[in-house]
Amino acid sequence: MPYLSEVDGQNLLVLARKAIVEAVTRGELPKTIPHEGIFGERRGVFVTLHARGELRGCIGTTENDEPLGEATIRCAASAALHDPRFPPMRSEELGELSIEISVLSQLAPIRPEEIEIGRHGLVVSDENHRGLLLPQVAPEHGLNREQFLAETCRKARLPQEAWRWPSTRIQGFTCEVFSDAKGASAN
C-alpha cells in the first residue's frame, strides 16, 4: 500500500475533527463522506484524542472492511463519545482537543525477537481474548520488548506471560501517524 502524504494525513485529521464536532454538538455524523483517493482505501485506523495533554479517548479498527474515510469518521466520533474509559466528550472540551490518527498496515505474524520498539504495534490473541497496542505506546511509556508484549497481553485480559504460550497468536503492524495542533478549528 502506498505511503500517505502529509496532505493525506491533514485531510484525515480535518475529517476526524469535523466528525467529532458534529457528533458532540449535534449528535450526528457528517452527511458527506469523501471516497476519492486515500479516503477510499481500505485500511485499519485508530483515532486517539487528548485534551489538556491527557488521553481522552481512543477507538479504532484493524479490519479493512470499510473505506478509510468512513472508518475515520466512525472511529473519531466513537472515541469522543463511546470509549468506555471516559465520559462522553462535551462541547466545551472541543477547544482543548488534539487528534492523532494512526493508519495501520496489514497485520502479520511476528516473532518476539522481530519486534522493533517504536516501529511495531502488537495484537496478542488467545481464544476469546485480544489486545492491541499501537507502536507509539512502547516508547511513550519506556517499555522494552518483553514489557510491551506483557502489556499487550494485559490489555487482552490475559496473564502478562501469555505471549510465551504456544497457543497465543502475536501479530505486528506498523502505522503512519498524523496529529494536529491543540485546538485547531474544524472546517
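The model is a predicted one.

**Stop 1: the whole chain**

Show the chain as a cartoon. Its secondary structure comes to 4 helices and 8 strands, and along the sequence these follow the pattern α-β-β-α-β-β-β-β-α-α-β-β. The radius of gyration is 17 Å, close to the 16 Å that the globule rule gives for 187 residues, so the chain is as compact as a globular protein of that length. Viewed along the principal axes, the C-alpha atoms fill a box of roughly 50 × 35 × 30 Å.

Now colour by burial. Of the 187 residues, 49% count as buried. Among contacts with a separation of 6 or more, 72% are between residues 24 or more positions apart.

Switch to the surface. The accessible surface comes to about 9700 Å², and carbon and sulfur atoms account for 49% of that area. Colouring by charge picks out 21 positive and 27 negative side chains, with the centres of the two sets 3 Å apart.

**Stop 2: Thr 48**

Select residues 45–51, which form strand β1, and pick out Thr 48 within that strand. Is Thr 48 buried or exposed? Thr 48 has a relative accessible area of 6%, which is under the 20% cut-off, so this residue counts as buried. Beyond its neighbours within four places in sequence, Thr 48 is in contact with Leu 55, Gly 57, Cys 58, Ser 98, Ile 99, Glu 100 and Leu 134.

**Stop 3: Thr 62**

Move to the loop between β2 (54–61) and α2 (68–81), where Thr 62 lies. Although placed in a loop, Thr 62 is buried, with a relative accessible area of 10%. Which side chains make polar contacts with the side chain of Thr 62? One is that of Glu 63, at 3.3 Å. Another is that of Arg 130, at 3.1 Å.

**Stop 4: Pro 87**

Follow the chain to the loop between α2 and β3 (97–104) and select Pro 87. Pro 87 is exposed, with a relative accessible area of 54%. Leaving aside neighbours within four places in sequence, Pro 87 is in contact with Arg 56 and Ala 80. Draw a distance between the C-alpha atoms of Pro 87 and Arg 56: these residues are 31 apart along the chain, and the separation is 8.9 Å.

**Stop 5: helix α4**

Select residues 145–155, helix α4, and show the side chains of Phe 148, Leu 149, Ala 150, Thr 152 and Cys 153, which are buried. An α-helix has 3.6 residues a turn, so residues three or four places apart point the same way. What covers the buried residues of α4? The cover includes strands β5 (121–126), β6 (129–133) and β7 (169–173), together with helix α3 (137–140).

At the N-terminal end, Asn 144 caps α4, with a side-chain oxygen 3.1 Å from the backbone nitrogen of Glu 146. Just after α4, select Arg 157, which takes a positive phi of about 65°.

Definitions and conventions: Residues are numbered from 1 along each chain as its sequence is written. This is a predicted model: local features need pLDDT of at least 70, side-chain atom pairs count only at pLDDT 80 or more; totals for chains, interfaces and linings use all residues. Side-chain values use heavy atoms; hydrogens and water are left out. Helices (H or I, at least four residues) and strands (E, at least two) are DSSP runs, numbered from the N terminus. Buried means under 20% relative accessible area, exposed over 50%, partly exposed in between (1.4 Å probe, protein chains only). A polar contact is a pair of N or O atoms within 3.5 Å; within protein, one must be able to donate a hydrogen and the other to accept it, and residues adjacent in sequence count only if both atoms are side-chain atoms. Contact means heavy atoms within 4.5 Å. The radius of gyration is taken over C-alpha atoms; the globule rule is 2.2 Å times the number of residues to the power 0.38. Accessible areas come from the Shrake-Rupley method with a 1.4 Å probe; for residues, only the protein chains shown count as cover. Lys and Arg count as positive and Asp and Glu as negative; His and the chain ends are not counted. The place of a charge is taken as NZ of Lys, CZ of Arg, CG of Asp or CD of Glu.
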